[in-house]
Amino acid sequence: MNRSFAGSALAQLIATRVLEFVREPEALFWGFAFPILLAAGLGLAFQSSGPQALKVGATDARVADQLRQEKSLDVESMPVGVAETALHAGKVALMVSSDARGLVVYRYDDTNPEGRLARLLAGSAIQSAGARETRITSTDDILRDPGSRYIDFLVPGLLGMTLMGTSLWGMGFAIVDARKRKLLKRLVATPMPRAFYLLSFALSHFVIVAAEVAILVGFGSLVFHVPVRGAILDLALTCIAGNLCFSAIGLLIASRTQTVEGASGLTNLVMVPMWVCSGVFFSAQRFPDLLQPILRRLPLTALIDALRMNMLEGAGLRQLMPELMLLTSCFAVCFGVALRTFKWR
């Protein structure tokens, strides 16, 4: 074989393989977009702009002023009941109170590294503030109750992430596959209302969602004693709202997509930023304040916040209403747009 011909053939084959890769949306997403999105999200959440201030709840104004002398503590004055709830929900690492005798009580989970560090910093700040008067007596009230641990924080996040993934993938692949096999073209010729066909996808996921919620919540409760302090009915309604919301987003993604690969790329493009930014594995409060209004309006953020409020704080429908309204509004808008723009052929 002529060497020049062999070299030309090899070059053509290499160019063909490169073009195949470039024309594959899923490969481009996971090869280029995903690492950049992940690096950007984690970089913003854990940026090296100094140590993260530890949140502390103080039930006494004088103690709160003393604690604020320590710059590594983010101190908030709050009533005892509010501080207890915040500590159980993991919103503060340490609760500091004092009685009429001047005894300072530090309440925290000693299995939580942030709790132990906050205790040391708070103790040092209060002792320094009272050094000119007299040595301040204190005691530790160790908290190891379910609800204040990392696993308690994690399970609702994983539940929200699972609901999102099931709804988006189940909706996108089924519809695009039906379009690819010309099934949608046949269905549109029948007397069936188009909205019924699309709505059936969202409603059919209820059985799957019920199984997912039961398995994950049951596993967390039985194995790790993760609490479910709110009403089960409220938890179920929250999961249904999340399922409908993400099913509508999946429907919108699949409304005009022609290939399974294209649907996969678009689905990942929607899911991955919310995985990183919506507080699945760590608090969304780590992101800069400038981004907080945007992050709070992400559907997954609303779903996870509602799940944590119900499971860890015992919140009812009235407290969950802002998050449920956001999920319901997202469902209505995405379903309405998808119904108008849906391509049946």
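Reader: Which residue lies over the face of Phe153, and at what distance from the ring centre?

Author: A charge counts as over a ring if NZ of Lys or CZ of Arg is within 6 Å of the ring centre and within 35 degrees of the ring normal. Here Arg308 lies over the face of Phe153, 3.5 Å from the ring centre. Arg119 sits over the face of Tyr106, at 3.9 Å from the ring centre. This is a predicted model, in which local features need pLDDT of at least 70, side-chain atom pairs count only at pLDDT 80 or more, and totals for chains, interfaces and linings use all residues. Residues are numbered from 1 along each chain as its sequence is written, and side-chain values use heavy atoms, with hydrogens and water left out.

Reader: How many aromatic pairs are there?

Author: Rings of Phe, Tyr and Trp (its six-membered ring) pair if their centres lie within 6.5 Å; planes under 30 degrees apart are stacked, over 60 edge-to-face, and the rest tilted. That rule gives two aromatic pairs. Phe219 and Phe224 are edge-to-face because their ring planes stand at 75 degrees, with centres 5.9 Å apart. Phe331 and Phe335 are stacked, since their planes are at 25 degrees and their centres 5.7 Å apart.

Reader: Where do Phe331 and Phe335 lie?

Author: Helices are DSSP runs (H or I, at least four residues), numbered from the N terminus. Both residues lie in helix H13 (residues 317–341), four residues apart, about one turn of the helix.

Reader: Is Phe331 buried or exposed?

Author: Buried means under 20% relative accessible area, exposed over 50%, and partly exposed in between (1.4 Å probe, protein chains only). Phe331 is buried at 18%, and Phe335 is buried at 14%. Phe219 is partly exposed at 46%, as is Phe224 at 35%.

Key:
Helix = DSSP H or I, 4+ residues; strand = E, 2+ residues; numbered from the N terminus.
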